[in-house]
2 protein chains.
Amino acid sequence: MAKIAILGFGTVGSGVLEVLRTNADKAARRAGQPVEVKYICDIRDFSSHPDAALFVKTLDPILNDPEVTAVVETIGGTKVAYPYVKAVLESGRHVATSNKELVATHGAELLALAREKGVCFLFEASVGGGTPVITPMYQCLAANNLSEVRGIVNGTTNFMLTKMEREGMDFEGALKLAQSLGYAETIDPSADVDGIDAQRKICILASILFGRHFYPQNVAARGIRDVSVKDIALARRQNAAVKLIAWAKQTEDGPALAVEPMLVPRESQLAGVDDVFNAVMVRGDILGDVMFYGKGAGKLPTASAVTADVLDALRNGGSIHESLFWTDSEPMEGVYEDASPADRYVRAEGGAAAVRAVFGDVEILDEADGEIAFALRGKSVAQTRALCEEAARQDVRVKNVLKWLTL
Amino acid sequence: MAKIAILGFGTVGSGVLEVLRTNADKAARRAGQPVEVKYICDIRDFSSHPDAALFVKTLDPILNDPEVTAVVETIGGTKVAYPYVKAVLESGRHVATSNKELVATHGAELLALAREKGVCFLFEASVGGGTPVITPMYQCLAANNLSEVRGIVNGTTNFMLTKMEREGMDFEGALKLAQSLGYAETIDPSADVDGIDAQRKICILASILFGRHFYPQNVAARGIRDVSVKDIALARRQNAAVKLIAWAKQTEDGPALAVEPMLVPRESQLAGVDDVFNAVMVRGDILGDVMFYGKGAGKLPTASAVTADVLDALRNGGSIHESLFWTDSEPMEGVYEDASPADRYVRAEGGAAAVRAVFGDVEILDEADGEIAFALRGKSVAQTRALCEEAARQDVRVKNVLKWLTL
């Protein structure tokens, strides 16, 4: 019998308890022994909960109980979660977490600590919710050198973009709907709509890809606030969908990564990923592209992934970090940009003549109501930026620029 | 340093050697030690091969060398592969294989033997080529009870159907093209086009799903020979694609599984899986649907998956078969059918009046050139069969029946 503790009894934490009880047989089979939740740590009052006897308010009773061999962390944030997880790993116990902020901020340090102590620090649930992404990346693609990862990793914004595309809703309408369904935070939805959540997730994927830690502050992240129904309709006419893409790739000048809304051609599997679904595509030198697709969030899917991790830890022990590992690195100044030329869609106020005077002989995609949309091909980020600045001086007001995703 | 042997130096076997040498660093990291191919067993003459010194013609030198701890089997078929793999497992060595026929025929026995000997018998490459399917199924979805699996698991027929849809090729033309590109066998392409390959793969997936062995002879398999360009065009007008689907699910009457061409609605991710790509969708009680997508075959993708398995075996040892396991069972009479009602598309020779006299007040989808296509809804397999037999007696010649895939 393995005994574990759950830290943080919110949505995901309570889901883990539910999953372990509902599918106790499956869990025991995978862990090689029955698994029992012995403690739940939460500062809130759960004295009238049916499992009131399991609740503790601090980490100490857990650390002092030698029967507990693994801990699930679902507190979120880093203020409490970081010192708690560190203390658990230092005590020689496994940790499974769904906390992307923790992994994106302190992943390298916690992995090194886990490796030193011969225990597991696992975080499959931090990217893709319940969809397996991280485990297949380091395990099933182990014979590959990975060169690129790209994905739709935020279900809330993907839901909003789907509503904007299918029902012609504007950003505000789609946001209100997402909030009313509980997909977006009501008070401050910026973690989703400004790409902060996706920024953390791409840091985790990039750290696996490149074998060293990438910090959120070094990743340019644009959300979907400036994506309009017009952009989506124009993209559609170009046989593309607008998706919030988190990407990381090896370029000639080194690693590059970002989060940005992009035009995804229909031929890409990512274009058909709708609603709250997530999908991550990984490119290996031997295997080519593989994609992992599933529901990106939700109580039980996320709990399913954390639970699978804790079962894996109980079964395998710590040797996993020979392959799931990245080295520490210092945050740098600025962001990791891709300097190579790319094709972009530009929407601006102004006529074709004014646009061509600045951007050259570009292909006009649409012109209506004083606005023009055109394709700007083969320009780098810096060139595009310079052209947009020049445009502002020439009274051509650029309203949106979206990069085309290459296949 | 781990030493391994490769049995069968065909496409996949030579790919494994290439992968292990090209990505030696990655392989060593995952296995926890460098990995060297010490023997290659093949009855053919490789005396002028650069690695001629590694070749042996029988299994004995490998079994007699205590340095060899794992073996890759890529011979194919069962005649030689079965006794060889059995002998290797009995000697206490790990086996990784890409041989779907071997697993579909003797999987339960070989898994039990591996478990008894405390070694691994792994076969990720037997389904989906290089795409991770089996490992995520038993590992990442470990907290889920799986209820259903459905997928496009044969790249050759998917390539042919894509050509038929996009370029209006007929079956014969698409087959010739697939043969000229090396996707289909030139002498006897029936393993692909008659669904035999997919039948073996769904047996493997169903065995994992239900925890007991399913034999190919108990699985109804239809290939794509009777799919015409007309069916594909009519499906398109119904907003669906024709795909060869291998499926297994828990029904009220027990397990059901089959391989058949189906109408896949565009809303399904499977509808967008084109060319030689494979995709497998798994439904878990907690997680919902997840899909694994990638190139289904080819020398290096398949080699990549076998290699990942052998590295996994070298790192993990045999405890893996606590969770990757199914019990043996006897083949039964007949096939596992799904008796529940379903919607079907029917194409027949005859007029609307004659069709309605037999099938009732069905929805006519198309009528042209003496042929009629209609939707037959909510009928079981047995009811459909009886209706088609009655139709034959009434001079309504049914030319094709395709089930709609439910989402």
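Biologist: Let's start with A:Glu371: does it count as buried or exposed?

Modeller: Buried: A:Glu371 comes out at 8% relative accessibility, where buried means under 20% relative accessible area, exposed means over 50%, and partly exposed is in between (1.4 Å probe, protein chains only). Some housekeeping: this is a predicted model, so local features need pLDDT of at least 70 and side-chain atom pairs count only at pLDDT 80 or more, while totals for chains, interfaces and linings use all residues. Residues are numbered from 1 along each chain as its sequence is written, chains are lettered from A and ligands numbered from 1 in the order in which they are written, and side-chain values use heavy atoms, with hydrogens and water left out.

Now the partner. A:Glu371 makes a salt bridge (a side-chain nitrogen of Lys or Arg within 4 Å of a carboxyl oxygen of Asp or Glu) with A:Lys399, and their closest N and O atoms are 3.1 Å apart. That pair links distant parts of the chain, with A:Glu371 in strand 15 (residues 371-379) and A:Lys399 in strand 16 (residues 397-404) of chain A, 28 residues apart. Helices (H or I, at least four residues) and strands (E, at least two) are DSSP runs, numbered from the N terminus. A:Lys399 is partly exposed, at 31% relative accessibility.

By the same cut-off, the count over all chains is 74 salt bridges. One of them joins A:Lys299 to A:Glu18, with 3.7 Å between the closest N and O atoms. A:Lys299 sits in helix 12 (residues 299-316) and A:Glu18 in helix 1 (residues 11-22) of chain A, so this pair ties together parts 281 residues apart in sequence. A:Lys299 is partly exposed at 32%, and A:Glu18 is partly exposed at 37%.

Over in chain B, B:Arg385 bridges to B:Glu337, the closest N and O atoms being 2.6 Å apart. B:Arg385 is in helix 14 (residues 381-393) of chain B and B:Glu337 is in the loop between helix 12 (299-316) and strand 13 (342-349), so the pair ties together parts 48 residues apart in sequence. B:Arg385 is partly exposed, with a relative accessible area of 42%, and B:Glu337 is partly exposed at 39%.

Back to your glutamate: salt bridges that share partners join A:Lys230, A:Asp231, A:Arg347, A:Glu349, A:Glu371, A:Arg397 and A:Lys399 into one network.
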